[in-house]
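Thanks for coming, everyone. Please look at the sequence and the structure on the screen, and then we will walk through the fold together.

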Amino acid sequence: MKASISDHILASAGALFYREGIRAVGIDRIIEETKVAKATLYRHFPSKDHLVAAYLQDRHERVIRSLQEVLNEVASPRDQLNLIFERLHEKADSPEFRGCAFALAVAEHGDSERVVTVARAHKAAVSQMFRALMERAGVEAAQPAAHLSLLYEGALATVAVGRDPQAVLTARDCALFVFDAAHPSTKS
């Protein structure tokens, strides 16, 4: 099945934005890469700001779907937590990995309410996944889930700056420690 024109534009622009940066990639470059007319691009995305927000929304849906697949792959919340960080490590251990697309977008395009709104919604959804994971484990307190979320976000940022994917495994070990400390069956 052939992708729609808007999907084609979005995929090409998204790859460029992530690889080279939002500010570095102009509309003319996207037009050249996608081989569509400027009028066609603007018919689907009225401005670069709309295109960036659509790229982030698309990325959000893919990340959440990927995290959901992890949650569906293993049954135990502790194993789910471990696997979330293992999969992040796999992604981080790639020369193409630049860190969190949402943090990068806000750093470059934080003056855009559209961009900031999508990024904040994404971060809230990821935090909610950690809260739900902890609730399934029988942990009602919000603080351990907030710790897990912060460890996940910190791993993304640390790898982006330090270029050492081992940071994700360190964050995983910390996350498992937080989980074990908060989980009712491990308390005496």
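Helices here are DSSP runs of H or I with at least four residues, strands are runs of E with at least two, and both are numbered from the N terminus. By that rule the protein has 9 helices and 0 strands. Along the sequence, the pattern reads α-α-α-α-α-α-α-α-α. The C-alpha atoms fill a box of roughly 65 × 35 × 30 Å, taken along the principal axes.

A word on the origin. This is a predicted model, where local features need pLDDT of at least 70 and side-chain atom pairs count only at pLDDT 80 or more, while totals for chains, interfaces and linings use all residues. Residues are numbered from 1 along each chain as its sequence is written, and side-chain values use heavy atoms, with hydrogens and water left out.

Now the record. UniProt positions are given in the numbering used here, with feature names shortened, and the annotations may be inferred rather than shown by experiment. UniProt lists "domain: HTH tetR-type", from an unreviewed entry, at residues 3–63. That span is 77% helix and 0% strand, and its end C-alpha atoms lie 20 Å apart. UniProt also places a "DNA-binding region", again from an unreviewed entry, at residues 26–45. Residues 26–45 are 75% helix and 0% strand, with end C-alpha atoms 14 Å apart.

Next, helix packing. Axes are lines fitted to C-alpha atoms, for helices over the stretch in contact, and angles run from 0 to 180 degrees between N-to-C directions. Angles under 35 degrees count as roughly parallel, over 145 as roughly antiparallel, 65 to 115 as roughly perpendicular, and the rest as oblique. Contact means heavy atoms within 4.5 Å. For residue classes, Ala, Val, Leu, Ile, Met, Phe, Trp, Tyr, Cys and Pro are nonpolar, Asp, Glu, Lys and Arg are charged, and the others, Gly among them, are polar.

Start with α4 and α7. Their axes come within 8 Å and cross at roughly 10°. That makes α4 roughly parallel to α7. The residues of this contact divide into 14 nonpolar, 5 polar and 3 charged. On the α4 side, they include L56, V63, I64 and L67; on the α7 side, V118, A125, V126 and M129 are among them.

Zoom in on one residue there. I64 is found in α4. What does I64 touch, not counting residues up to four places away in sequence? The partners are H122, A125, V126 and M129. I64 and V126 are 62 residues apart along the chain, yet their C-alpha atoms are separated by 7.4 Å.

Now α5. With α9, residues 166–182, the axes come within 9 Å and cross at roughly 170°. The two helices are therefore roughly antiparallel. Their contact has 11 nonpolar, 3 polar and 4 charged residues. In α5, L81, F85 and L88 are among the residues involved, and they belong to a set that meets α9 residues including L169, R172 and L176.

The helix α5 also packs on α8, with axes 11 Å apart and an angle of about 10°. So α5 and α8 are roughly parallel to each other. Here L81, I84, F85, L88 and A92 of α5 meet L148, L151, Y152, A155, L156 and V159 of α8. The classes come to 11 nonpolar, no polar and no charged.

Last topic: the spaces inside. On a 1 Å grid over the protein atoms alone, a cavity is a set of points where a 1.4 Å probe fits but cannot get out; a pocket is an open set with protein on both sides within 12 Å along at least five of seven lines; lining residues have an atom within 4 Å of a point. Grid points are joined across faces, edges and corners, and a volume is the space filled by probe spheres set on the points.

The largest pocket has a volume of about 380 Å³. Of its 22 lining residues, R59, V63, K91, F97 and Y152 are the closest to its centre. Which helix gives the most to this lining? That is α4, with 6 residues. The lining divides into 12 nonpolar, 4 polar and 6 charged residues.

There is 1 cavity of 30 Å³ or more. The largest cavity has a volume of about 40 Å³. Its lining includes F17, Y18, Y55 and R98. The helix α6 gives the most, with 4 residues. By class, that lining has 7 nonpolar, no polar and 2 charged residues.
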